[in-house]
Amino acid sequence: MQHLHFGDGKKYMIQTLGCQMNDHDSEVMAAIVENMGYLPASEPGEADLIIINTCAVRKKPEDKVASMLGKYNALKDSKKDLIIAVGGCMTQQKNSALYIKKRFKQVDLVFGTHALPRLPELLDRARHNKETVVDIEENYSPREGLPVSRLSIYQAWVPIIYGCNNYCSYCVVPYVRGYERSRNIKDIIEEVTALAKNGYKEITLLGQNVNSYGQDLPDNTSFADLLVELNQIDDLARIRFMTSHPKDLSPGLIDVVAQNEKICEHFHLPLQSGSNRILEMMNRGYTREHYLELVQVIKDSIQEVSITSDIIVGFPGETETDFLETLDVLTEARFDSTFAFIYSPRKGTAAEKLKDNNSYEEKEKRLQTLNNLQQRIAIELNNLLVGQSCEVLVEGTSKSNPDLQTGRTRTNKLVHFPGPGDLSGKIVQVLITEARAWNLLGEMREEPQ
Ligand code: SAH
Ligand code: SF4
C-alpha cells in the first residue's frame, strides 16, 4: 500500500450512522486510512477526507445522510481537495448509490459494504477522477487481516458472523450485507487473546444472528463452543454478544451463559411483535408462546439476568388486537429495556408490497403507548436493584456532569456514581442508591481493580 500513502499530513473524519456492526466497520475504515497517513480530525472543517458510514434499516438514518451532505457541500466550496466518501449499508443498494451520485455532486466516492477492503484504491481513484467513483460490487472480499483502529482501549467490538440469511420480510440487512459468513474460530480466539493481552476488559461479539455462528463452517463449530473457548482467555473480564435470534436460541446456549463466569448475564432478544399473525407475516420463524418460553428458561437458569428487545409497531395490517398482544408480551416478559420503532418500508423487501391501512398518527400513538408501558416496567425492575452492589466497568466521566463516572453493569445497565477522578476501564463495585428508567445512580464501594 506504499504508493497509496497520499494521506501524509492530512486529516480524516468518519461519521457513523446505525448499529454496532457499522461502528466496528468505521474502526476498520479508520485504520485503513491511518495506514495511508491520515490522522484523525477533531471536526469536519479540519478534515481533508470525510467518510459517512450509512445505515439503511429505516428511512430516518437515510434522510440524515442527505442533511449531512448538504452541510459538507459548503466545506467543499472552500476546500477544493476535500474528499467526500459515502459508504455502508445505504450505498450498497444501487438505487441509493445512484441517487447520491446524481443529487450530491460534491461526493467523490460512493462505496458499499463489500468494498471496504478496496478503500485505499478507491480513494486514490476518487481523488484523480472528475466523476464520482462508485463501487457497489456484490462479491465479497475476505475481511480477515484488515487493520482496526478501536475507539475504546478497554471495550472491543468483535464481529463473528457477517451477513444474514433470515430474510425477515421488513428487513433490508440481508440485501446490503449478503449471506452469512462465519469467521474461523481460530481467528476470533487469536483476536480476543491479543485484545485481552493489550488490556481490553470487555468484548462484544457481533452478528445479526450470533446463534447461527458456525453453521457455514466445515468443522461444525457452534456459538456455544466459541463462547466456552473465549471464556478461558486470561485477563478478559467480560464477554457480551448480540443479537440473539429467538428462533435459534437454544437451552444449551442459555446453560453456557449460566455456567461460564465471563459471559455477561444479558440477552438482546428482539421480539418484533407479540402477535403470531404478524410474526408470521414478518417471517420471524417463532411464535409468541415460544418466545415467552425462552424468556422463562433464561430467567429460571440465570440469576440477575437482563433481557432487552426490539419491537416494530405499525407493521402493515397490524390491528389494535395485534398491538395489544405485543403489549401483553411486554407485560409478561418484563424487559429491562426495548428499542421500539415505527415500521419503515424498505425497497426490495417482501413487506414493501403489503397493504398498510394504519395512519402514521395511529402508529405514533401505538409507539407512545408501548414506550410508556415499557418505561413503567423498567423503573419497577431498576427499583429492585436499589440497595444492591453491582459490578461496573467504567466507561469514563459523565458527559453531563464532570463529577460523575459512568459505566455499565454486567446486565448492561448504565450507572452513574461520584468517583475520584477518571476511572475509565476500571472495574468497580457500586452500591445502587437510586433507580430511573434509563439509568441507575450509586456509590463506589471498593477501590478499583
Ligand atoms: N439482526 C437483528 C436486527 C437488525 S436490525 C435481529 O434479527 O433482530 C435492528 C432492528 O431494527 C430490528 O430488530 C428491528 O426491530 C428494526 N428494524 C429492521 N427493519 C426495520 C424496518 N423496516 N422498519 C422498522 N424497524 C426495522
Ligand atoms: Fe434483519 Fe431478520 Fe436478519 Fe435481523 S435476522 S438482520 S431482522 S433479516
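Here are some friendly notes on this predicted model, point by point.

1. Ground rules. Residues count from 1 along each chain as its sequence is written, and chains are lettered from A and ligands numbered from 1 in the order in which they are written.

2. Domains. The protein chain is assigned domain 1 (2-135), domain 2 (150-264), domain 3 (269-384) and domain 4 (389-444); such bounds come from an automatic or database domain assignment. The C-alpha centres of domain 2 and domain 4 are 26 Å apart.

3. The interface of domain 2 and domain 4. Here 10 residues of domain 2 are in contact with 14 residues of domain 4, contact meaning heavy atoms within 4.5 Å. Between them the two domains bury about 840 Å², with 46% of that on carbon and sulfur atoms; buried area is the accessible area (1.4 Å probe) that two parts lose on being put together, summed over both. Of the area that domain 2 buries against domain 4, Tyr154, Arg238 and Arg240 supply 64%, more than any other three residues.

4. Arg238 forms a salt bridge with Glu391, and their closest N and O atoms are 2.9 Å apart. On the side of domain 2 that touches domain 4, the residues divide into 4 nonpolar, no polar and 6 charged. In this scheme Ala, Val, Leu, Ile, Met, Phe, Trp, Tyr, Cys and Pro count as nonpolar, Asp, Glu, Lys and Arg as charged, and the others, Gly among them, as polar.

5. His5. This residue lies in the segment before strand E1 (11-16); helices (H or I, at least four residues) and strands (E, at least two) are DSSP runs, numbered from the N terminus. Away from its neighbours within four places in sequence, His5 is in contact with Asn35, Met36 and Gly37. The C-alpha atoms of His5 and Gly37 are separated by 5.8 Å, although the two are 32 residues apart along the chain. The His5 side chain also reaches the backbone oxygen of Asn35 at 3.0 Å.

6. Ser26. Found in helix H1 (residues 20-35), Ser26 counts as buried because its relative accessibility is 7%. The classes are buried under 20% relative accessible area, exposed over 50%, and partly exposed in between (1.4 Å probe, protein chains only). Beyond its neighbours within four places in sequence, Ser26 is in contact with Ile14, Thr16 and Asn53.

7. Backbone geometry to look at. Most residues other than glycine have a negative phi, and most peptide bonds are trans. The peptide bond from Met242 to Thr243 is cis, with omega near 10°, and Thr243 is in the loop between strand E11 (238-242) and helix H8 (251-259). Gln272, not a glycine, has a positive phi of about 70°; this residue sits in the loop between strand E12 (266-268) and helix H9 (276-281). Arg334 has a positive phi near 50° and belongs to the loop between helix H11 (320-333) and strand E14 (337-342). Gln272 counts as buried at 7% relative accessibility, whereas Arg334 counts as partly exposed at 29%.

Notes: Predicted model: local features only at pLDDT ≥ 70, side-chain atom pairs only at ≥ 80, totals over all residues. Heavy atoms only, no water. Salt bridge = Lys/Arg side-chain N within 4 Å of Asp/Glu carboxyl O. Polar contact = N/O pair within 3.5 Å; in protein donor to acceptor, adjacent residues only side chain to side chain.
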